[in-house]
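Q: I'm new to this one. Can you walk me through it?

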Amino acid sequence: MQILKIDSTTSTNTWIAAHETELASPGLVYCKEQTAGRGQRGNSWESEPGKNITASVVFHPGDFKASAQFLISEIVALSIAEYLQKKDVSVKIKWPNDIYAENKKICGILVEHVVTGRNITRTIAGFGINLNQTEFKSDAPNPISLKMITGKNYNIDEEIKELADILEKNIYSLKEPGGTHTQFLSKLWRADGQYYNFFDRKKEERIKARITTVAEDGIIFLTTDSGEMREYAFKEIEYIL
């Protein structure tokens, strides 16, 4: 995988979209400082310059159906989970694709596709992984970093190479039949049969429910404490932390 390091940019996803011809596929761009990092739901991503991994990977899935796009999200999340597990950190995936360690957020992911006809022709997956930052000033409810867990400092250039190797291996497995979705379900955060608080954005109400499953297209199914089964697409349900 081609790896390109830049000093500063607003967002690595945005940078790749504007400079795609400068990169091979797959290719990875990372930076020391991201001044306007984007997260899910339009949220910003706090990252102290020079302390963390702020990066994006771009690739062209080829003949890959847009209807199966959640598989790509799963691949990226599982790749980052695999990387963190190599650091002896136990992680879970908070639907749809945040990475949690010790019930706190260590990584956010933003996947963006270009779709032509029925196929995905380009994917840019951006991610921020908290490595060495130990103080967080934003109002994010529960950030944590690798250093806060292990007490170690990490060389970002070396960590990027290790992560890129994992991403490349898993990206090339996209078209191979296998248990990617099963792996995703096995790492799903709060899928332990317990009831938790959620906010149902469709009905504008707070509910207590347990996660039943996530379908291969990314739809999540919850069962409320009154026994009602409900299903939600992305942005239709919110965890209450």
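Predicted model: local features only at pLDDT ≥ 70, side-chain atom pairs only at ≥ 80, totals over all residues.

Q: Is T213 buried, exposed or partly exposed, and why?
A: T213 has a relative accessible area of 30%, so it counts as partly exposed. Buried means under 20% and exposed means over 50%.

Q: Which residues is T213 in contact with?
A: Leaving out neighbours within four places in sequence, T213 is in contact with L185, I219, I220 and F221.

Q: How many residues apart in sequence are T213 and Y232, and what is that in space?
A: They are 19 residues apart in sequence. In space, their C-alpha atoms are 11 Å apart.

Q: OK, switch to D200. Where is that?
A: D200 is in strand β9, residues 196-200.

Q: Buried or exposed? And why?
A: D200 is buried, because its relative accessibility is 1%.

Q: What does D200 touch?
A: Not counting residues up to four places away in sequence, D200 touches E205, I207, R230, Y232, E236 and I237.

Q: And which backbone nitrogen lies 2.9 Å from a polar atom of the D200 side chain?
A: That of K203.

Q: Is E204 buried or exposed?
A: E204 is exposed, with a relative accessible area of 55%.

Q: Which other residue has a positive phi of about 65°?
A: D88, and it is not a glycine either. D88 lies in the loop between α2 (69-85) and β5. With a relative accessible area of 74%, D88 is exposed.

Q: New topic: cis peptide bonds. Which residues does one join?
A: One joins S25 and P26, with omega about 5°. P26 is in the loop between α1 and β2, where β2 spans 27-34. Another cis peptide bond joins W95 and P96, and omega is about 5° there. P96 is in the loop between β5 (91-94) and β6 (98-101). In general, most peptide bonds are trans.

Q: And S11, where is that?
A: S11 is in the loop between β1 (2-9) and α1 (12-19). It is buried, because its relative accessibility is 3%. The S11 side chain reaches the backbone nitrogen of N13 at 3.3 Å.

Q: Let's zoom out. How many helices and strands does the protein have?
A: There are 5 helices and 13 strands.

Q: What is the radius of gyration, and what would a compact globule have?
A: The protein has 18 Å. A compact globule with 241 residues would have a value near 18 Å, so the two agree. The C-alpha atoms fill a box of roughly 55 × 45 × 30 Å along the principal axes.

Q: How much is buried?
A: Buried residues make up 47% of the 241 residues.

Q: What about contacts between residues 24 or more positions apart?
A: They account for 64% of the contacts with a separation of 6 or more.

Q: Last one. How many charges are there?
A: The protein has 30 positive and 33 negative charges.

Key
Residues numbered from 1 in each chain as written. Heavy atoms only, no water. Helix = DSSP H or I, 4+ residues; strand = E, 2+ residues; numbered from the N terminus. Buried < 20%, exposed > 50% of the residue type's maximum accessible area, 1.4 Å probe, protein only. Polar contact = N/O pair within 3.5 Å; in protein donor to acceptor, adjacent residues only side chain to side chain. Contact = heavy atoms within 4.5 Å. Rg over C-alpha atoms; globule rule 2.2 N^0.38 Å. Lys, Arg positive; Asp, Glu negative; His and termini not counted. Charge placed at Lys NZ, Arg CZ, Asp CG, Glu CD.
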